[in-house]
Amino acid sequence: MDIESGNIDLKSNNGAVPKHGFLLCWFKALFMKLKKNVAEFANKVKMIGKDDPRRITHSIKVGITLALVSLLYYFSPVYGGFGSSTMWAILTVVVVFEFSVGATLGKGLNRAIATFLAGALGVGAHHLATLAGKEGEPILLGLFVFLLAAVASFSRFFPGIKARYDYGVLIFILTFSLVSVSGYREDKIIRLALHRFSTIIIGGLSCVVISIFVFPVWAGEDLHKLIFTNIEKLGDFLQTFGGEYFENFEKDGVPKDDKKTLLHLNGYKTILNSKTAEESFANFASWEPPNGGFGYRHPWKQYLKIGMLTRQCAYRIESLSNCINNSQVQPLEFKKIVQKGCMEMSIESGKALKELSIAVKTMRHPDSVFTHLKNSISAADNLKSSLRTAKMENTNIFELIPAAKVTTLLIEIIGCISNIVDSVNELSRLAKFKGAETTATSVDKPKPQLHHEETLNSVTVETSSHDNATHAIITVCALSTALESGILEDPLIL
């Protein structure tokens with residue numbers, strides 16, 4: 001055995017390798033690999049549970065519900081009455097119990113209604129088919145199954161049905177086919193349909209009761225939290241961006257290595273792909289009964305509108321984020337001109353978004369947002385006024401592009417924030433937030449507007465070089481129509 005090198009010499013004196021040496025190494029490697037996989041799995045379980053403890057609670061709730069419904073098999077009065085149809089209660093729990101109350105209610109109602117309708121139609125189809133005799137019965141049953149399955153399958157392509165009733169349509173097709181083509185007599189078919197419907201009701205009610213009354217998870221709360229968290233992330237970025245961007249240039253483009261700063265600068269990325277989650281939450285929330293601060297017919301669609309406007313703002317912020325690591329040096333004179341205005345726009349816009357996030361979180365009317373929004377618009381107007389009169393000597397026009405791009409994006413973001421404020425005001429009015437009735441809405445009290453006397457505002461910066469006098473016009477304002485339509489256009493024109 002070679003101890004110094006760390007290698008094990010399994011060969012014997014005559015050069016042969018003993019079999020037990022190979023087996024020992026193989027079992028040792030297998031044990032180490034198994035130990036590593038178990039440790040990785042345990043870490044994943046811990047991470048998933050720590051990320052959202054409600055997942056552990058949900059798993060326990062499903063286990064309890066399934067165990068209670070399974071006891072129906074051993075409850076003589078129930079089993080004697082329903083027979084083998086009792087298994088449909090267990091299947092219902094398996095397929096219906098979802099993470100949130102809304103998803104569970106939606107699936108449960110879809111399954112119950114679809115089973116009842118399909119069972120009734122299946123009994124009727126079977127009755128009509130028996131009137132045609134033994135030769136005509138299979139033909140009529142096949143025709144009925146074809147027509148109902150084709151029409152129901154086509155209905156799944158309608159967006160409204162696909163979003164809310166897709167599962168119900170599938171159950172409708174399955175139940176109708178099973179009931180209509182069964183070989184039982186008509187009296188047995190009716191009894192079979194009633195038993196199946198009854199057991200599905202038992203399983204569905206068990207899921208709904210435990211889902212609502214045992215540590216409920218409301219999809220409406222998740223949507224509400226997602227919306228104000230996304231707005232808060234945009235505010236964190238804008239409050240951090242100004243100082244980070246200009247300090248980077250002062251430090252030769254080297255960004256700060258600070259975890260909190262990096263978190264604020266990268267938090268917006270999760271907003272870019274939040275559309276699917278928002279639509280799912282809104283769909284599930286529409287099934288939920290009134291709970292907490294969310295009453296009957298709560299305006300969940302308005303949350304989707306706010307989410308869309310938030311993503312539009314996040315796309316512009318993504319372009320703004322790319323400017324942080326731009327190592328291209330800009331003229332010191334031009335930087336001094338735009339630094340104060342850009343930082344003020346960024347900070348005030350961030351404060352407006354943070355106030356807006358707090359207003360949505362606490363469900364009150366966003367009164368204090370207008371002050372910060374007005375300050376950011378005033379900073380933009382002051383910056384444009386400064387640039388109109390600015391004159392710089394010996395400046396390369398291409399060196400001005402990065403800072404001009406930042407200025408343009410900040411002005412566009414102010415327009416996006418104004419649209420978000422309008423949508424939140426509308427949500428405040430529809431959902432009857434605190435202070436919404438006594439405070440003037442955006443219709444009665446117009447929000448501050450960017451000054452667009454013309455369709456496009458131009459800012460002229462005069463530059464000159466030693467060889468010849470060169471004049472360039474840099475447009476640092478976005479089209480107001482583009483802000484309203486959400487279309488990004490390149491606002492920099494040389």
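1. Which residues form a nonpolar patch on the surface? They are Ile56, Ile60, Ile64, Leu68, Leu71, Tyr73, Tyr74, Met87 and Leu91, with about 910 Å² of accessible area together. (Patch residues have over 30% relative accessible area and no salt bridge, and nonpolar side chains are joined within 5 Å; a salt bridge is a Lys or Arg side-chain nitrogen within 4 Å of an Asp or Glu carboxyl oxygen; areas are Shrake-Rupley, with a 1.4 Å probe.)

2. A quick word on the basis: this is a predicted model, where local features need pLDDT of at least 70, side-chain atom pairs count only at pLDDT 80 or more, and totals for chains, interfaces and linings use all residues. Residues are numbered from 1 along each chain, and side-chain values use heavy atoms, without hydrogens and water.

3. Back to the patch: helix H2 (54–70) and helix H4 (87–96) each supply at least two of its residues. H2 gives the most, with four, and Ile60 sits in H2. (Helices are DSSP runs of H or I, at least four residues.)

4. Now for the inside. (A cavity is a set of points on a 1 Å grid where a 1.4 Å probe fits but cannot get out; lining residues have an atom within 4 Å of a point.)

5. The lining of the largest cavity includes Trp88, Arg111 and Arg196. H8 gives the most to this lining, with four residues. By type, the lining has five nonpolar, two polar and two charged residues.

6. The unreviewed UniProt entry lists "transmembrane region" for several stretches, including 112–133 and 197–219. Residues 112–133 are 95% helix, with end C-alpha atoms 32 Å apart; residues 197–219 are 78% helix, with ends 28 Å apart.

Technical notes
1 Å grid on protein atoms, 1.4 Å probe; cavity = no way out; pocket = protein on both sides within 12 Å on 5 of 7 lines; lining within 4 Å. Nonpolar A, V, L, I, M, F, W, Y, C, P; charged D, E, K, R; others polar. Patch = residues over 30% accessible without salt bridge, like charges linked within 9 Å, V, L, I, M, F, W, Y side chains within 5 Å. UniProt positions renumbered as here; feature names shortened; annotations may be inferred.
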